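Here is a friendly note to read beside the model. Please keep the sequence and the 3D view open as you go through the points.

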Amino acid sequence: MHPSPDERHPGTGAATDAPTPARRFGLATATCLVMGNIIGGGIFLLPASVAPYGTVSLVAFGVLTLGALALALVFGKLARRHPDTGGPYVYAREAFGDFAGFLSAWSYWTLTWVSNAALAVAAVGYVHVLLPGHAGRGTDLIVALAALWLPALSNLAGTRYVGAVQMISTVLKFVPLLFIAIVGLFFFDPGNLGSFTEGTTGTLGGLSAAAAILLYSYVGVESAAMSAGEVRDPGRNVGRATVLGTLGAALVYLLGTVAVFGTVPHDKLIHSKAPFSDAVNAMFGGHWGGTLIAAAAVISIVGALNGWTLMSAQSPYAAAQDGLFPRAFLTKRRGVPTFGVLAAAVLASGLTVINYLLGSGGVFEILVLITTFSATVPYLLAAGAQIYFLLIGERDRVRPGRFARDLAMALVAFGFTFWLVAGAGYAAIYQGVLFLFAGILVYAWMAARRKGRGPHAAAEPAQPGDVPAP
C-alpha cells in the first residue's frame, strides 16, 4: 500500500511527519529551468538539419509543439495531484507500483548523466570558434570536464545558486536568439525558402523525416515537475512554469528556424555548419556572426548543463526515499541532493574521457543513442499514470466536459510520446531496452535488501536541514 498524497511530505515522495522544507524556486525561476533545459546546443544546427526536407519541416515543428504542450499540461495536472520532487517517478509509482516507478527513475537518471556528457563534448566545438587555434585532445578534454564540473559546483552551492545561474543563462541565450529571429523577419526573402518538399519523399514522407529529427527538441519539458519539491506553490506554479517554458522554447525554435530559412539561400543552408551564424552574416554582412553565435551556444550549453545536473539528482533522490535506489542518494545539502550531483558528474566525466580516448566512435556514441530511448520511458509512464488516475477517480468528481478534455489531453500526450519512441530508430530502441533491462538487477538488489530489513525498511527522508544520509 502506497502512502496517500496527503500523507506524503510535500517535496519528497515519502511518508513522513517532518516539517516542509523551504521551497526556493518561484514561477520565473521554474520557467527558466524548463526553458533552459529544453534549449541546449542543438538549436544552433537545427535549421540546417531539417532544411533538406523543405519548408514542410516547419509544419512538423508546429505539430510537435502541440504534442509537447499536451505533455506539459499533463505534467501540470499531475504536479497538482502530487507536488513532490521526482515528478515522473512519483506519478509512475503512485499509479503502477514500485517496479514501474523504478523503471521511470532508472531511465531518467540514465538520460541525464549520459546527455550531460554529450553536451559537454558539444561545448568544446563552440569554444574552438571563440578561441581559435589548434588545441590538442588533452586541452579539449579539460574544456569538456570544466563544462561538466562548473555546473556541478553551482549545484553543490545550493538551489538558490542553481536558480540564479539558470535565470542569467536563460536570459543571455534567449535574448540574442530571439533578436536574430525577429530581426531576421525584416530580411526575409521568400526566394531563399526552396520548395515545400524536397526530393522524392512527398509531403507525408518529408513531414515524418523532419519530425524524426525534431522529436527530441522538447526533452526537458518535465523539468519543473521533476523539481516540484523546490517550487513554491507547486500545485499552481509547476503547471504554469511547464507551459510557459515550453511556449518560450517553441517561440525561439519556430521564429529562429523561419528567420534562418528566409535569410540563408536553401542550397547553402543544407550544407551549412553554422546556420545562425550564416543568417547573421547575411543580415549584417561581415564574418562576426560566428563568434556571436558561438558565445550564445556556450552560454546555452552551460545553462542546460546547470539545469540537467540538478535533474540528474532529483529522480534517484525521490526513488531512494522509497527504498528503490541506494540510501546514499538521500544525502542533501542546501536543497540539493549532493550525492546524486556528484555521482552524475563522475559518470558523465567517465563517458567524456572514454569519448576522447576512443575518438569519435565507439562506446560513447552507443550510450548517446540510449538517451534517445531513455527519455520516452518516464514520459510514457507519466501519461499512462494520468490516464489511470482519470479512469479510476475523476469521473465522479468533475464535470463530464472537463473529464473528457483531460482524458483527451492525456491521450494526445501518450500518442506524442509513442511517436517519440518510433522516431528514435531501431538502434536507439535496441540499445535503450538493453540498458533499461540492466536496471532490473539493481531493482532486484534493492528489493531484496528491503525485504531482508522487514516491512519498515523503506529509507527515511532527508530532514529539512539537509542532514546527510547515514
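1. Let us begin with D406, which counts as buried at a relative accessibility of 7% (buried means under 20% relative accessible area, exposed over 50%, partly exposed in between, with a 1.4 Å probe and protein chains only). Its partner in a salt bridge is K77, with the closest N and O atoms 3.7 Å apart; such a bridge is a side-chain nitrogen of Lys or Arg within 4 Å of a carboxyl oxygen of Asp or Glu. D406 sits in helix 17 (residues 400–424) and K77 in helix 3 (residues 56–81), so the pair ties together parts that are 329 residues apart in sequence. Helices here are DSSP runs of H or I, at least four residues long, and strands are E runs of at least two, numbered from the N terminus.

2. A word on how to read these values: this is a predicted model, where local features need pLDDT of at least 70 and side-chain atom pairs count only at pLDDT 80 or more, while totals for chains, interfaces and linings use all residues. Residues are numbered from 1 along each chain as its sequence is written, and side-chain values use heavy atoms, with hydrogens and water left out.

3. How many salt bridges does the structure hold? There are seven. In one of them, the side chains of D322 and R93 meet at 3.6 Å, N to O. D322 belongs to the loop between helix 13 (289–321) and helix 14 (338–358), and R93 to helix 4 (residues 88–96), so this pair ties together parts that are 229 residues apart in sequence. D322 counts as buried, at 6% relative accessibility, and R93 counts as buried at 7%.

4. Please look next at R450 and D98, whose salt bridge has its closest N and O atoms 3.2 Å apart. This pair links distant parts of the chain, with R450 in helix 18 (residues 426–453) and D98 in helix 5 (residues 98–130), 352 residues apart. Both R450 and D98 are buried. R93, D98, D322 and R450 are linked in a network of salt bridges.

5. The largest nonpolar core has 130 residues, and Y91, Y253 and F325 touch the most other members; a core is a set of buried Ala, Val, Leu, Ile, Met, Phe, Trp, Tyr and Cys residues joined through side-chain atoms within 4.5 Å. Helix 5 gives the largest share of this core, 17 residues. Y253 is in contact with I38, I39, I43, L46, F61, S217 and Y218, leaving aside its neighbours within four places in sequence; contact means heavy atoms within 4.5 Å. Another core, of five residues, lies apart from the largest one, and A152, A313, V336 and V341 are among its members.

6. Helix 10 (residues 234–263) passes a simple length check: at 1.5 Å a residue its 30 residues should span 44 Å, and its end C-alpha atoms are 42 Å apart, which agrees. The expected span is 1.5 Å times one less than the number of residues.

7. L310 lies in helix 13 and counts as buried at 0% relative accessibility. Leaving out residues up to four places away in sequence, L310 touches F25, N155, V162 and S227. F25 is found in the segment before helix 1 (27–38) and is buried, with a relative accessible area of 2%. The C-alpha atoms of F25 and D233 are separated by 9.4 Å, although the two are 208 residues apart along the chain. S315, placed in helix 13, counts as buried at 1% relative accessibility.

8. Which residues form a nonpolar patch on the surface? They are F179, I182, L185, F186, F187, F284, W288 and L292, with about 810 Å² of accessible area together. Patches are made of residues with over 30% relative accessible area and no salt bridge, like charges being joined within 9 Å and nonpolar side chains (Val, Leu, Ile, Met, Phe, Trp, Tyr) within 5 Å; accessible areas come from the Shrake-Rupley method with a 1.4 Å probe, and for residues only the protein chains shown count as cover. Helix 7 (residues 159–186) supplies the largest share of the patch, four residues. F186, found in helix 7, is exposed, with a relative accessible area of 71%.
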